[in-house]
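Please open the model in your viewer and keep the sequence panel beside it. The stops below are given in the order in which they may be selected.

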Amino acid sequence: MQIDTSRLESLLASADRIALVGHFNPDGDALGSVTAAYHYLKDRGKKPRIILPSPYPENMAFLEPDDPRDRMLICENDLPGARALVAEADLVICLDLNRLSRTEYLEQDILQTRASKVLIDHHIAAELERFDLAISTIGVSSTCELLFWTLLSLPDVAGDPGRLSLRCAESLYVGMMTDTNNFANSVFPDTFEMASKLIARGVDKDGLQEKVLSCYSVSRTRLMGHMVKDKMKVVPQHQAAYMLLSNKEKERYHFQPGDSEGFVNLPLAIRTMQVSALFTENIDGKYVRVSLRSKGTINVNKFAIRFFNGGGHRNAAGGRLYMPLEAVPAYFEQALDNWPEEEKFS
Ligand SMILES: [Mn+2]
């Protein structure tokens, strides 16, 4: 995949301090893309800093930059510090987010800064008009894949993955591996080509898999069992299943960020299920986080837009509900009943 990077190259050439911004509740792709960009820019002699709205899962800590002064800055721990980094930056690069509101705290800061703004993202309906440059397509597995092809297209890398540091290559691999659920979803021919090039570059695929995917605690595994056995509700007439995760349960199972990763996919392993939903009470109890998954041609992106104040991809989307967790089952089952056929299969 060739990407026109002439504009990006000129923005990078004239920038020194570069803020790399990921989304709220950062996942492997958000973390992989901000850290890969960090390593590339650092190796190029720039001063990049990573800003994340909220903490990342513990198993991703190995992605932290080695230089302690460059540790990822978490808005929820230091919002003034995050705002200062955005204000001082010559260039702001947002990765793996389609709307500035997904930074939760920094939308106004990013809009108001005089710095140039770049978006690199693979979600539907990105806010292209809010950026000076947007590298945005849904025809890739992940932001990390898009970033990989972008880096390869830059003049100094010139198509040679050997010119990316191993840390950069590892970060790219992690984001692609997690967003595709280890090559299960949204995989394109280019995705395998990327994986092949990164492995040839020296990425230890098995090591990363073990670090990132086989990393759970006993209590997380028990929570997963509890969700499937006691919480999964099946709606047979819609070939749908859903689960609710409350703050009380999170407490009982010593919940850590990232622990519910993958729960929403579990019901789709059932032959007859086409749609799955996970509803998670937010820590402050102010809203319910919605995760939606589907098989094949069923489009949960439009479902998320219409009923759940969100969006995403055809087979994976998310959103929020501003109602008590107890009210969600009735709301969700009604939404299934009212889901317009032409949107469901669009
Ligand atoms: Mn992603």
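Throughout this tour, a residue is called buried when its relative accessible area is under 20%, exposed when it is over 50%, and partly exposed in between, as computed with a 1.4 Å probe on protein chains only. The model is a predicted one, in which local features need pLDDT of at least 70 and side-chain atom pairs count only at pLDDT 80 or more, while totals for chains, interfaces and linings use all residues. Residues are numbered from 1 along each chain as its sequence is written, and side-chain values use heavy atoms, with hydrogens and water left out.

Begin with N182, which is found in the loop between α6 and α7 (189-201); helices here are DSSP runs of H or I with at least four residues, strands are runs of E with at least two, and both are numbered from the N terminus. Its relative accessibility is 27%, so N182 counts as partly exposed. Phi of N182 is near 55°, a positive value in a residue other than glycine.

Select Q239 next, in the loop between β7 (233-235) and β8 (240-245). Here phi is near 50°, again positive in a residue that is not glycine, and Q239 is partly exposed at a relative accessible area of 35%. Most residues other than glycine have a negative phi.

Now move to the manganese ion, which is coordinated by D29 (OD), D96 (OD), H122 (NE2) and D179 (OD) at 2.2 to 2.4 Å. Donors are N, O and S atoms within 2.8 Å of the metal (3.2 Å for Na, K and Ca), and sites may look incomplete because water is not among the atoms. D96 lies in the loop between β4 (91-95) and α4 (107-112) and H122 in the loop between β5 (116-121) and β6 (133-136), so this pair ties together parts that are 26 residues apart in sequence. D96 counts as buried at 1% relative accessibility, as does H122 at 2%.

Show helix α5 (residues 143-153) together with helix α6 (residues 166-179): their axes, which are lines fitted to C-alpha atoms over the stretch in contact, come within 8 Å and cross at roughly 145°, with angles running from 0 to 180 degrees between N-to-C directions. The contact, meaning heavy atoms within 4.5 Å, is made by C144, L147, F148 and L151 of α5 and by C168, S171, L172, G175 and M176 of α6.

Finish at K344 in helix α13 (residues 341-344). Not counting residues up to four places away in sequence, K344 touches T297, I298, N299 and W339.
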